[in-house]
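Have a look at it before you read on.

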Amino acid sequence: MGNYYLYRLGQFLAGVLPFGVSNAIVMALCDLHFCFSKTDRRAVENNLKIVYKTEHVPPAQTRAVFRNFGRYLLEFFTMTRRLKPAFIKSHVNVRNIAYLNEALQQGRGGIIVSAHLGNWEMGGAVLPTLGFPLSVVALAHKDPRVNALFNAQREAFGARVIQTDAAVRRIIEHLQKNRLVAILADRDFGNGGTVMDFLGHPTVIPKGAAYFSLKTGAPIIPVFFLRGPDERFEVHIYPPIDPPESRDAKITETMLVDYIQKYLNIIENEVRKNPSQWLLFREFSNHENSCCHTGA
């Protein structure tokens with residue numbers, strides 16, 4: 001229960017302090033987290049060793065992940081104050097936005113797959129602001145007050161939240177209404193994932209995005225909201241990946257794995273290009289354990 005009050009305090013301070021002051025405080029706290037949390041530091045370092053393909057990762061590269069996580073939270077709590085149309089126009093560069101329109105023109109909706117990379121929460125705010133009908137699949141928090149706090153931030157810009165405990169029926173309904181449904185595809189939230197090679201190591205990968213695409217015919221569109229220099233952001237949108245035509249056939253494990261591989265390769269490439277923005281505080285390659293920590 002204590003996390004709720006910490007989040008509310010953080011939200012209050014982020015709302016009343018100048019952004020630069022809030023950022024300085026958050027960076028100091030992130031440095032303390034880096035220095036004193038041996039478990040998290042070791043997990044991040046081991047993940048980076050795999051991404052960089054090296055046995056030694058400089059401390060500065062590990063600390064950058066901690067700092068980017070702090071920026072992610074600060075930006076999340078200040079979105080309603082800062083994320084105005086003028087800010088989006090001057091600070092957010094959206095590449096290949098036509099791919100989203102292309103997917104929606106088919107009338108089957110679209111499944112956006114992304115990762116715990118950059119600031120996915122801001123991506124979930126920017127796309128509705130640009131006029132896209134977006135629904136986001138989110139893991140429910142154990143504390144309902146924390147859940148309500150985070151979902152209010154997500155829905156402030158027009159996105160609709162689909163909780164994972166009621167996802168199957170609602171995802172299909174939203175796709176049938178020709179909406180975009182966003183799913184983070186680099187973490188398995190339950191026990192329904194499949195072990196696949198990711199960054200050269202066996203990792204549990206969720207099957208949901210591929211399943212719903214095969215079930216409904218909605219294309220998959222990889223999208224990443226990445227951090228750039230000077231508080232700027234890049235939105236990378238990839239071409240839609242259409243599912244096989246035979247949607248009436250039984251969906252087999254082989255079909256799912258083959259389909260997942262198409263967008264998993266894209267996620268892998270984005271992680272390799274932006275390792276300090278991959279916000280994992282568990283060793284992802286341990287497929288016997290949940291691999292990611294998002295704070296959201």
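1. The names come from DSSP runs: helices are H or I over at least four residues, strands are E over at least two, and both are numbered from the N terminus.

2. A word on the ground rules. This is a predicted model, so local features need pLDDT of at least 70 and side-chain atom pairs count only at pLDDT 80 or more, while totals for chains, interfaces and linings use all residues. Residues are numbered from 1 along each chain as its sequence is written, and side-chain values use heavy atoms, with hydrogens and water left out.

3. To count as a pair, two strands need at least two bridges found by DSSP.

4. How buried is β3? Five of the five residues in β3 (residues 134-138) are buried, so the strand is largely enclosed by the rest of the structure. Leu-134, Val-136 and Ala-138 point one way, Ser-135 and Val-137 point the other way, and all are buried. Buried means under 20% relative accessible area, exposed means over 50%, and partly exposed is in between (1.4 Å probe, protein chains only).

5. Strand β2 is worth checking too. Five of the five residues of β2 (residues 110-114) are buried, so β2 is largely enclosed by the rest of the structure. Both of its faces are covered, with Gly-110, Ile-112 and Ser-114 on one side and Ile-111 and Val-113 on the other. β2 runs parallel to β5, joined to it by five bridges, and Val-113 stands opposite Ile-183. With β8 (residues 220-227), β2 pairs in the parallel sense over three bridges; Ile-112 is opposite Ile-221 there.

6. Now zoom out. The sheet is open, has seven strands in the order β1-β9-β8-β2-β5-β3-β4, and its pairing is mixed. β1 and β4 are at the edges with a single partner strand each, so one side of each has no neighbour in the sheet. From one strand to the next, the twist averages 25 degrees. Helix α12 (residues 253-273) lies across β2, β8 and β9 (233-237), and runs at about 10 degrees to β8. For such angles, axes are lines fitted to C-alpha atoms (for helices, over the stretch in contact), and the angle goes from 0 to 180 degrees between N-to-C directions.

7. Next, a pair of helices. α2 (residues 19-36) and α3 (residues 38-52) pack at an angle of about 90 degrees, their axes 6 Å apart. That makes α2 and α3 roughly perpendicular (the label covers 65 to 115 degrees; under 35 is roughly parallel, over 145 roughly antiparallel and the rest oblique). From α2, the contact involves His-33, Phe-34, Cys-35 and Phe-36, and from α3, Lys-38, Asp-40 and Arg-41. Contact means heavy atoms within 4.5 Å.

8. Cys-30 is buried at 8% relative accessibility, whereas Cys-35 is partly exposed at 49%.

9. Lys-53, in the loop between α3 and α4 (59-77), has a phi near 60 degrees, a positive value in a residue other than glycine. Lys-53 is exposed, at 66% relative accessibility. Asn-96 is not a glycine either, but has a positive phi of about 60 degrees. Asn-96 lies in the loop between β1 (92-95) and α7 (98-104) and is partly exposed, at 42%.
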